[in-house]
Amino acid sequence: MEQKEHIYNLQLTEKQAKILSYACDRLTRIICGQDWTYQEFMEEAWEKRCKKATGKMMDDKWDGGWHNMRHEAEEICKNIKKRFWGLERNAMYGINYDDTADILFDLHQCIRHQLWLDRPESEKSTITVDASAAMRVGSEPLAIISKIK
């Protein structure tokens, strides 16, 4: 007897939806070896430590300085991308590289579009990817998301 696939309903606050959309977008990019994504995480972590130590996010002297940290993070990420994804410095994978990444990207598209639909008219721009309905690239059907209240 064949088991039917389950369908789930998840209720999120607006903030949770934004964070989930962000997470889907970032994880998609990490899976595809888009090194600037994990470089941003490294830089943000350094900036948090710098702010805690100096009161500001960017400091020219603390822990070697912001510019040195950025250069080091960039080099680390380029080396990781070359070693593990086999990609040169200016290359990256994208859609159709990995089905999990494609499914995550589809989720991101669905959530970001719904968040755009729910914005007040005065805050909506049609010149943004958020305004476009999701286009399926992964192997799963597009998620259905709608505002409850």
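What follows is a chat about a predicted model.

Colleague: Before we start, what kind of model is this?
Modeller: A predicted one.

Colleague: OK, let's talk helices. At what angle do helix 1 and helix 2 cross?
Modeller: Roughly 120 degrees, and their axes come within 8 Å.

Colleague: What do you call that arrangement of helix 1 and helix 2?
Modeller: Oblique. Angles of 65 to 115 degrees would count as roughly perpendicular and those over 145 as roughly antiparallel, so at roughly 120 degrees the two helices are oblique to each other.

Colleague: Why give both an angle and a distance?
Modeller: Because that's how two packed helices are described: by the angle between their axes and the distance between the axes.

Colleague: Which residues meet there, helix 1 against helix 2?
Modeller: From helix 1 you have Tyr-22, Arg-26, Arg-29 and Ile-30. Across from them, helix 2 brings Trp-36, Thr-37, Tyr-38, Glu-40, Phe-41 and Glu-44.

Colleague: And how does that contact split by class?
Modeller: There are 5 nonpolar, 1 polar and 4 charged residues.

Colleague: Switching topic: where does Cys-77 lie?
Modeller: In helix 3, which covers residues 66-85.

Colleague: Is Cys-77 buried or exposed?
Modeller: Buried, because its relative accessible area is 0% and anything under 20% counts as buried.

Colleague: What is Cys-77 in contact with, leaving aside neighbours within four places in sequence?
Modeller: Asp-35, Tyr-38, Gln-39 and Met-42. Tyr-38 also turns up where helix 2 meets helix 1.

Colleague: How far is the C-alpha atom of Cys-77 from that of Gly-33?
Modeller: They're separated by 9.3 Å, with the two residues 44 apart along the chain.

Colleague: Now Lys-56. Where is that one found?
Modeller: In the loop between helix 2 (35-54) and helix 3. Lys-56 is partly exposed, because its relative accessibility is 43% and that class sits between 20% and 50%.

Colleague: What does Lys-56 touch, leaving aside neighbours within four places in sequence?
Modeller: Cys-50 and Lys-51.

Methods:
Residues numbered from 1 in each chain as written. Predicted model: local features only at pLDDT ≥ 70, side-chain atom pairs only at ≥ 80, totals over all residues. Heavy atoms only, no water. Helix = DSSP H or I, 4+ residues; strand = E, 2+ residues; numbered from the N terminus. Buried < 20%, exposed > 50% of the residue type's maximum accessible area, 1.4 Å probe, protein only. Contact = heavy atoms within 4.5 Å. Axes fitted to C-alpha atoms, helices over the stretch in contact; angles between N-to-C directions. Parallel < 35°, antiparallel > 145°, perpendicular 65-115°, else oblique. Nonpolar A, V, L, I, M, F, W, Y, C, P; charged D, E, K, R; others polar.
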